[in-house]
Each structure stands twice: as C-alpha cells, then as structure tokens.
Amino acid sequence: MNGNGGIRSKHGGREARSRKKIASGSNGHSASIGNGGIYDVSVSDSGDSRRAARQALRKKRVRRSRVRKRQKRGGVASLVVLSAGIFVIYVVACLIFFHNLPGGTGDGRGMRGLVKKTREKVRQFRQKHARGPVATDAVSDARDGAPAANSGPVPVGIWPISIRDEDGKFEDIRHPGFADHHVTMSVPKFWADDPAAIHENKLMSRERALSIGTCITKDPATGSNNRGDKCPLSERTIFVAIASYRDWQCRDTVDSIFSAATHPERVRVAVVDQIVAAEDGSCDVPHNPCPDDPTQPICLHRDQIDVYQMEADLAVGPVFARHLGHRLYRGEYYSMQSDAHVTFTKGWDVDIIAQHEATGDEMAVLSTYLTDIVGSIDPDTGLSLRKTRPIMCNTEYEGGQQGKHLRHLAQPEGMPDIHGMPQLQPYWAAGYSFSRGHFVATVPYDMYQPMIFQGEEMSIGLRGFTIGYDFFAPERSVCFHSYAKGENAKARNKVPHFWEHSEKYKGEGIKAMKRLLGIVNMNPEVDRSEWDHAEEAKYGLGGVRKTSKFYELYGIDVRKKTTQRHLCQFVRGKMHKKFIEHLRKDGMGINYDEIDFKWVDPRPNDP
C-alpha cells in the first residue's frame, strides 16, 4: 500500500477504491460494475486523472441525489392530489346516497332518519337485554337526548308497553296473609320502586311531575315518549287498574273501556284477576273465540291488556289486590281505577281528561262513588242520561272486630254546584279514581294490609293529602256501576266475595287495621310497638301537609272517635269557592298553609 492509498495489483497497476466488489476484466485491469453501476469509473495510472475522476464522481453523485429528491417530491405531491380527488368523490357520493334514502319526511328522511332509526334499534336492543329496566332505559334515553328529569328516581316512560315484555324481571314477595310467611308470590316490580324518592317528602316541582307520563307518539327532537304537557290531549296514555274477584262481568267492563273510548289506542288495562281456574272465566278471554269474531274489543286490543292472575284462595281483600294492580303501572300519563262491574259512556276518555284539565290542578284526583247503571246510559247513543253526580262528603266512625275506624257512608247525589269544572271535596273513593299517573307512583296501595275492606279509602285519601293531592267530584259521570239491587240483584248476588276464605286468614285483619290507622295517625291510643312498620316510608305519609290539618279542617276527632256532622252542607255550597282561591300559581295543588278553617257542625242536634 502506498501513500496515495492505492492498492497495487499483481500486474503493477492501480485500482480505484470502491465500496462494491471490483470485477476483473480480461485485460487484467479493473473494470467498471456495468454501465449502470454506482461507481462507473475507469482506471488510470495517472494521479491527476485519479483526482479528477474522484471530483467528477462526487459531482455526479450530487446531481443524481438531487434528481432523486425532485422525483420523490413530485411523486408524493401527485399521490396527495390523487387521494384528495378520491376523497371528494366519495363524500359527494355519500351525500347523494343518504339524501335519497327512503322512509320519512323532514328529519325522518335521509341521514338524520337513518341515525334516528339506528338509535331506536339500539334502544330496543338494550331494553330487551337489560338486567334492570330503570337504569338501562335511563342511560339509553340520556344518551339519545331525553330530558334529564327522566334519570334518577323517575324511570323512563315507554309506549307501547306490557308486563309480558318483562319476563324474568318479576320479584318474589311474601304473601301478607300468612304470619309464618311460608307462601311467596312472583309479582311484577313497581315501575318506581321508591315513591318517597319521587316526592322527597316535599311538594313535587312541576318539572318533576311533568316528567311522569307517556305520549303515544315520541318527541321528534328527543325520540322520547315523555313529552310533558306538550303531549296533545288525544295522545296522552291512560292506565286503567281493575281488581276483580271471581267476577263474571269483568270481561264486559274491559270491553266497555275499549269500545266506548274515542281513542282506545292510548288505553292500557291492567287486571288483577282472582279466580278459580276450573270454574271462572278469565277477564281477558272474550265471550267468543277471537278467530270466530275478531272484532270483539278484547280481540282488537289484546296487546293493551295485562292480566295478573292468581288463585282465589290467596285473595285477602281489595287492598292487596289493588296493591298488585299498582305494580302493573308503567308510566302512563293518567291513571284510572274502577271496579270490575262498570259500564262506560261513549267518549269517556276525552270527557274525563277534559274535566281533569279544567281544574288547572296538576295534583287533582277526580273520585266518586258511582251511580247505579240502571237508567243511566242511552242504549242508542251510549251517552249518559244523568245530569246529577255524587260528591264525597259523608263519613262516620264505625266499630267491629278490627276496631273503630272511619268509613264512607252513602253519598249525596245532585246537580253540580260548580259548573265548568269538577268540584273540590274532602274524600277519596276506591270505586272510581282518575288522576295524573304520578298519583299511582307516589301513593301505592300498602302491601301489608290483608283482609281490609273498610278503611282503605281513608288511608289512601290521607296519604295522598299529605303528599299534596286534592280531591274533586267529577262534574259529569263517565261510567256507572252495576249494584246488587233492583233488576241486577239476582245476577250480582251470585258473585262470590273474598271473605269466603276468611277463616284461613283469621286475625290478620285486626293487625292490618292497626297498621292502617297507625300510619295515618288515627289511633293515638295504640302504642306504636303494636303494629308492623315494614316499609313504612314506602307506604307512608308525605311532607306537604299534616294529617292533623285534615282532621282539623273537616271536624274529625281521632281520640274521641267522633266527627262534626253535616259536613256536606259546607262541601256542596262553600268549600270549592273558599279553597280553590289558594291553588298555587304553578298549579301544584292547593296551599293549605293559607287556609284557616275548622268545620263545626251548625246543627249538632239534628239527625
């Protein structure tokens, strides 16, 4: 090796340095690596030539490097332009495709319509496969833009709905008629399991109240059936609860509800049917098979009928049966309760809603003892022939094995004293009740009151009063009752009664009455340790008004077990005008804190 760095060949010549292997030519000199090699240089014995060759090589390498960079930059730019063009074409094609999707108009058409349909399918899937209906529905609707009020203690309302869709979501409860609790029943869960969480022991806000109640059509903006007072009157759903004990007229009552309604599509009937399977017909089975006569109301609306059937020998009175009925409520806008032997007038649904709305009171409950069916409905038009209506104002203490308690007596019936709206009254009746749906959600029937027949109405009425509800007599009757008298006496007297099994539950009614009276503070002489306090917060009082205010207003002495009589004189002529002035401006009930009144019998010596 010499100082110039060359490598002497065996032939004495010099070779250029290369990072590539040098091939040997036939003449013994180093040859190039082909015409396209990296180092395409010739070998020379001259030092100057070698230096010139190296400089030429460096220049050539620089030129080729620049060329390669320019080529690379040009290729990337071309690729970017091509990609952008493809993307623009794709976007335009998508817009044209989604814009022309069929199905719907306005927001229901095109891409928005597709998104809504997808959300609806996701919601339905979640509802079908959810373990807990409340939490899952609330999350689903919250994600889809439903009002925030639908979360927390108020479940999301859905329409249409049926307990048949809740297979596997029932719960086991202990039958209240057996002290040893050896009998359990599988029953539907409450729509809202904690009533106190809804009213929070204070006056409900109007926003909270309006978050309860479904519409048969969804809000176009949120996709929710909860639309508050924006729901049209004709689309507001109605829940009808019926407790029936071996009553052959039950199916006729259900027929009447649907056939007489102006909008039967918004009605859902829930029946607690207590029967002997081998002897009694089921309330949801029509007189003729549906294939033979599919036009029967029960056939036409069978998807809107829920029947909870139980063995008759497990029946322990109307309180427990109606408790089960309240478990069937599923967030409807209005709730109605009636007996199982009632006939409705044509257009009853439109009429009773109009009457309820006329009160201007979100907390209004229209309730009464029904007039007898005989001579009450025109057979040709289906309309009422009555101009009179009953009003609830007559009650008195009575005794018996279960102890002294208040019970409603026969109620006066006459022409309405107030026109254009229902009339305020002090009491609530179990035979007929119509209200907003939240009444059922916040004042559910007590599960722990077996073998109670008299006294239930004072219990529900007082609990409702303390939660903030006001009771009204309807201005017009929308249904009539088949009593066991006159021309209906023979047929109605054949219907059995729940007390045919009273020996089986002997003594349970006495304990239940202590609880009933204890919760509403009507038996201060009984030590609180003597009655059952199970789930008292759930089936107890509210925090808007006190029971003592009710007793003071209407002349009831819970210690002496007496009443100031002739209360109807005040109720029929003055109560409404005196109290309705104190209806809160937002319509959330009458403010009794502003009312200073105490009924005293003006004719104590008169019968």
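Val 88 lies in helix H1 (residues 47-99), where helices (H or I, at least four residues) and strands (E, at least two) are DSSP runs numbered from the N terminus. The model is a predicted one, in which local features need pLDDT of at least 70 and side-chain atom pairs count only at pLDDT 80 or more, while totals for chains, interfaces and linings use all residues. Residues are numbered from 1 along each chain as its sequence is written, and side-chain values use heavy atoms, with hydrogens and water left out. Val 88 counts as partly exposed because its relative accessibility is 49%; buried means under 20% relative accessible area, exposed over 50%, and partly exposed in between (1.4 Å probe, protein chains only). Together with Phe 87, Tyr 90, Val 91 and Val 92, Val 88 makes a nonpolar surface patch of about 480 Å². Such patches are made of residues with over 30% relative accessible area and no salt bridge, with like charges joined within 9 Å and nonpolar side chains (Val, Leu, Ile, Met, Phe, Trp, Tyr) within 5 Å. A salt bridge is a side-chain nitrogen of Lys or Arg within 4 Å of a carboxyl oxygen of Asp or Glu, and accessible areas come from the Shrake-Rupley method with a 1.4 Å probe, only the protein chains shown counting as cover for residues.

Attention now turns to Arg 407, which is placed in strand E13 (residues 405-408). With 27% relative accessibility, Arg 407 counts as partly exposed. Beyond its neighbours within four places in sequence, Arg 407 is in contact (heavy atoms within 4.5 Å) with Thr 395, Glu 396, Glu 398 and Gln 454. The side chains of Arg 407 and Glu 398 are joined by a polar contact of 3.2 Å, a term for a pair of N or O atoms within 3.5 Å; within protein, one must be able to donate a hydrogen and the other to accept it, and residues adjacent in sequence count only if both atoms are side-chain atoms.

Some backbone details complete the picture. The peptide bond from Trp 159 to Pro 160 is cis, with omega near -5°, and Pro 160 sits in the loop between helix H3 (133-143) and strand E3 (171-174). Asn 201, in the loop between helix H4 (195-199) and helix H5 (206-210), has a positive phi near 55°.
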